[in-house]
Amino acid sequence: MVPLSHYLILSAILFSIGVLGVLIRRNAIVVFMCIEIMLNAVNISLIAFDRHMNLHDGQIFSFMVMCVAAAEVSVGLAIVIALFRNRPTVNLDEFNLLKW
Amino acid sequence: MELLIFYPLGALTVLLALGVVFNNSPIGSAVSLIGMMLGLAGVFILLSAHFIAVLQVIIYAGAIMVLFMFVIMLLNLKGDDRAWKTRERNLFLSVMTGVLLLGILYEFIEITNATTFREPATLAEDFGTTARVGTTLFTDYVLPFEVASILLLAAMVGAVVLAKTKVD
């Protein structure tokens, strides 16, 4: 039996790696992948608590997280394609039209 | 015994997640991410959430990563994906923010460890099976389920509209 804290630590490490990737990478697609890592890290926590308390609500929540991730990826990648048509790069620092 | 499975799986997922961040090419990142998703499916099986593990493989490692691969291949980045691009000016700040976040999360875990959880509840016979999760989904959570379908429809329409028209 793996204790609950182990799962929480794994979740925290993965979430931090995701945040680090979002902060230091400039490739838009890799930034999306790092967001996926963060969503997955949250799923671990939800299911670990779910198992700990013998409920099923956490699994429903992680199911919803997967739905939102699928929606986010489809719209986000469509935005990346639209941006790429506008200017042939995916470097996020070059899209600063809305920056004052 | 479960620890013997958990530690290699956890180490694998963490290493592959680092591989996503520190890989040169987007394709390498995507392959690492697929490996990480499969490792997480193993973690979910270890948590006896079989239904979610199967969904993880089908939705994440299947559908979402295929979409990523498809877009990476479609964009055909010449030279843009060779260099390991980081934020130019604020690299130190970014790394410091990451370290700080890790510290905050670690402290959070310490606090959760210090609090005494109740003993883990005895696991029901049908924990995590499709029948049990489906029953919960279609009784207590039927409204969020329907709202999720509207969300997916909106995302589908949005993706078609965004990818079709040109940004002026």
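Residues are numbered from 1 along each chain as its sequence is written, and chains are lettered from A and ligands numbered from 1 in the order in which they are written. In this predicted model, local features need pLDDT of at least 70 and side-chain atom pairs count only at pLDDT 80 or more, while totals for chains, interfaces and linings use all residues; side-chain values use heavy atoms, with hydrogens and water left out.

Chain A contains 3 helices and 0 strands, and its elements run α-α-α from the N terminus on. Helices (H or I, at least four residues) and strands (E, at least two) are DSSP runs, numbered from the N terminus. The C-alpha atoms of chain A fill a box of roughly 50 × 25 × 25 Å along the principal axes. The radius of gyration of chain A is 17 Å, whereas a compact globule of 100 residues would have a value near 13 Å. This radius is taken over C-alpha atoms, and the globule rule is 2.2 Å times the number of residues to the power 0.38.

Of the 100 residues in chain A, 63% are buried. Buried means under 20% relative accessible area, exposed over 50%, and partly exposed in between (1.4 Å probe, protein chains only). Among the contacts of chain A with a separation of 6 or more, 56% are made by residues 24 or more positions apart; contact means heavy atoms within 4.5 Å. The accessible surface of chain A is about 3700 Å², and 73% of it belongs to carbon and sulfur atoms. Accessible areas come from the Shrake-Rupley method with a 1.4 Å probe, and for residues only the protein chains shown count as cover. Chain A has 6 positive and 6 negative charges, whose mean positions are 10 Å apart.

Chain B has 6 helices and 0 strands, in the order α-α-α-α-α-α from the N terminus on. Buried residues account for 34% of its 168 residues. In chain B, residues 24 or more positions apart supply 59% of the contacts with a separation of 6 or more. Chain B exposes about 10200 Å², of which carbon and sulfur atoms supply 72%.

Helix α4 of chain B (residues 91–114) has 24 residues and spans 35 Å from its first C-alpha to its last, close to the 34 Å expected at 1.5 Å a residue. The expected span is 1.5 Å times one less than the number of residues. The buried residues of α4(B) are S94(B), G98(B), L105(B), I109(B) and T112(B). Their cover includes α1 (4–24) of chain A.

Q56(B) lies in helix α3 (residues 50–75) of chain B. Q56(B) is buried, with a relative accessible area of 0%. Apart from neighbours within four places in sequence, Q56(B) is in contact with residues of both chains: N40(A) and M66(A), together with M37(B), L40(B), A41(B), F44(B) and A61(B).

Most residues other than glycine have a negative phi. S48(B) is buried, with a relative accessible area of 14%.

Definitions and conventions:
Lys, Arg positive; Asp, Glu negative; His and termini not counted. Charge placed at Lys NZ, Arg CZ, Asp CG, Glu CD.
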